[in-house]
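This report goes through a single protein chain, from whole-chain totals to individual strand pairings. The chain is shown first.

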Amino acid sequence: MPPTNPSVARAALRPVRLLSLSAGLLLALPLFAQPAQPTVAPAETPLDKTIELDPFRVQASGFNGYTATRSSSGTRIAADIKEIPFTVDVVPLEIWDDFAVLTFNQQETLASVPGVSATENNGTYNLRGITSGTYFLRDGFLRFGRIDQSNAERIEVLKGPAAAIYGKTLPGGIINVISKLAKPTPEYSLELQSGGLDLYRVALSATGPLIPGKLLYRFDTADSHEKAFEELRVNRLKSISGQLAWDINRNTRATFQYDYVDEFRGGRDMLDEAVVKIGAVYQGLAWDLPNYRHDLNTSGSVTYSTFKNREANFSLVSKLNEIFTVRLAANWHGFALETLRGTGSWDPTTNLVWNRRPDFGKEDRNGHAINLDLVSTFKLAGMPHSLLSTFDFVRDQRELGPTWRLDPTLYKTATGYPGTQLLKEFNASGQDPNPYPPISDFNALFRDQNSINTTVGFLLNDRITLIPDRLTASLGGRYDRVHQVGLDLFAHTRADTNVSATTMQSGLNYNLTPDVTLYSSYSTSFSPQTVLDPSGNPFPNQNGKGYDVGVKMDILHKQLFVTATYFDITYDNIVQQGLDPVTNATIFTLTGSTKSKGAEFSAGGKLWNALTTKFALSYTDAVTSGALGANAVLNGLPPRSVPAWTYSTLLKYDFNAGRLKGAFVGLNVIANSNFRYSDSIVQGRYLVRVPGWMRFDFNAGYKWRSADKRWNHSVSIVLKNAFDHEYAYGTAPTQGNPRQWVLRYSLLFK
């Protein structure tokens, strides 16, 4: 029997309690502050020197407005983006703050990155026409599940197969979320948000020295709550993280960080509940029909998902001498999911809603990883080299299940409640808050799987200056061996496979002028298959290969940074799921590939010290080929959820003089073209397209600080989806929220 369903009714923090808490925190800040000291030149400390010695982190802010100038993801070593022969984009936390992005999974989080389709609630995303897995990186380690921006500084996106410098990955690229660092000077911050859809957010941060020059700390926590325009749907997220940084000596630093995220999602928001059938073929989306209720939640309030993430990181960085710097890093992660789900359907003719194939289940992931990096800087034949040697070990265990469906002896077709197909119709003109039986009736086990993946990888990557200030080359290779053990406790089967792969990364940078750099790269990638062929043998690895050709430019006296890129990617050995025509059992077949090519353009910076801007435009021509059998109709079509065009413009103007000094206004425009809704060939669903859309967000605010410059205040209002445009995004896809206002206040005390 499954465990009892935990209560899903969680009371929101009342405004009076919120204001009382905020006032108390504001009054308490001076108790933690150090007394003001006369302004003197800061003495050099071991701490300052250690910061300069870490080649694996971007230490300075590294931003010109919304545009990054440095990255640590492109080559696993901190470098100027202009000097990296791969395509790297960075999203700073400032964008989230200015336009009230509540969580990492919101659609606007990565909208400013060309070639990236919007993320959504299940954690997947499209990079250059290729859908990722449900994971990303956090400070270079694999991360499953959720994050909160309270302790995140930036999101770095490494595009193309070059992402294989981190090991197994799909050829579209990978996302790396970079954490905030503890600071040597005390800082305390408070953030409050409140708005439409019953939104609130409270976030607190503190950082500074525990032992000046020796030991730093950082603490971040947040609590947020938001309903949705669909009835009975709610999201809530809590997070807490801590960090200690210890300077053992002037050349060595040890850092420990712990992160915990607890997220609750009630109700279902995927657009597939809104696909309707007219006759024998699906004609379009339900929102096109006049009697469709846009606020209808066909799953009811009892459907829910809870996500709990725990992660601990440790790193030790030491400069051994003028040639060698070494880093030892370790990671432990734990992820737990519990969900009651059921896909809702709406019949436009009868106006009835039903739920099919409901199930209740769990998923747990845990594992650990070790990275050992050695950076060597030397000259050979008169040419400077920066050589990175890396050993990676990753072990991840996934328990998918147990998952239960309804007891078939209690729910039969004769009763009107077949446990595997239909469940409890109700009229869509109202709303049934609980269309499901009690959890105790979900006792028919249908899935219980356990898998253990162990990866050992070796990387060598050399950056060579061939002609000083003119021509540099990057050449690297990586070998990975993956051991996969899969146990199906329901079907009583076991699979034990070993696969390996060698990938390469290569690139050239040519400085045409000091401000114009031409670059090109060619890389390969791999990802092991997670299923077996009909004979019980592993399929060949999923392989990727691709090249980038582009230009990176500083223009307008380095106020604006421009990148223009052409890319071409091939993704091979895609496995297709189908049914055996004789036994009707699920089988997997090796099919063809996805070919994706296109162009990306971005420009951003800060003009006249007042206008912050970032512009992004991409075109992706992705095509599926090699699909077999009935799925052959997908050949020649783009993959699902991949728009051909994406576009974004971010503008922010700061008034630096006159009566409006301290005020600012901003604009965020996000758009993409239409995309295919589904790969399902049943009754023509693969032909349904989600319309293209354009969304406008506006903000306005005011910043001020105290006479001693220690109390820094900011208040702003954001109007999201200002013209109330109806749209959907992502790989599920998900319906976007209607017009929403958000009031935000922040305080930084130094």
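What does the accessible surface of the chain come to, and what percentage of it belongs to carbon and sulfur atoms? In this predicted model, the accessible surface is about 31,300 Å², and carbon and sulfur atoms contribute 60% of that area.

**Whole chain**

The chain has 750 residues, of which 55% are buried. Its secondary structure consists of 3 helices and 43 strands. Among contacts with a separation of 6 or more, 67% are between residues 24 or more positions apart.

Strand β36 covers residues 663-672. Because 8 of its 10 residues are buried, meaning under 20% relative accessible area, β36 is largely enclosed by the rest of the structure. Two strands that pair with β36 are β35, residues 645-654, and β39, residues 693-705. Both pairings are antiparallel, with 9 bridges to β35 and 10 bridges to β39.

**A three-strand sheet**

Elsewhere in the chain, an open sheet of 3 strands has the order β6-β7-β8, paired in the antiparallel sense. The edges are formed by β6 (116-117) and β8 (130-131); each has a single partner strand, so one side of each lacks a neighbour in the sheet. Strand β7, residues 126-127, is joined to β8 by 2 bridges. In this pairing, Leu127 has Ile130 of β8 as its bridge partner.

| Strand pair | Sense | Bridges |
|---|---|---|
| β35 and β36 | antiparallel | 9 bridges |
| β36 and β39 | antiparallel | 10 bridges |
| β7 and β8 | antiparallel | 2 bridges |

**Thr69**

Where is Thr69 found? Thr69 lies in the loop between β2 (67-68) and β3 (70-71). Is Thr69 buried, partly exposed or exposed? The relative accessibility of Thr69 is 38%, so this residue counts as partly exposed; the class lies between the cut-offs of 20% and 50%. Thr69 is 11 residues from Asp80 in sequence, and their C-alpha atoms are 5.8 Å apart in space.

Technical notes
Residues numbered from 1 in each chain as written. Predicted model: local features only at pLDDT ≥ 70, side-chain atom pairs only at ≥ 80, totals over all residues. Heavy atoms only, no water. Buried < 20%, exposed > 50% of the residue type's maximum accessible area, 1.4 Å probe, protein only. Helix = DSSP H or I, 4+ residues; strand = E, 2+ residues; numbered from the N terminus. Pairing = 2+ DSSP bridges. Contact = heavy atoms within 4.5 Å. Areas by Shrake-Rupley, 256 points an atom, 1.4 Å probe, with all protein chains shown as cover.
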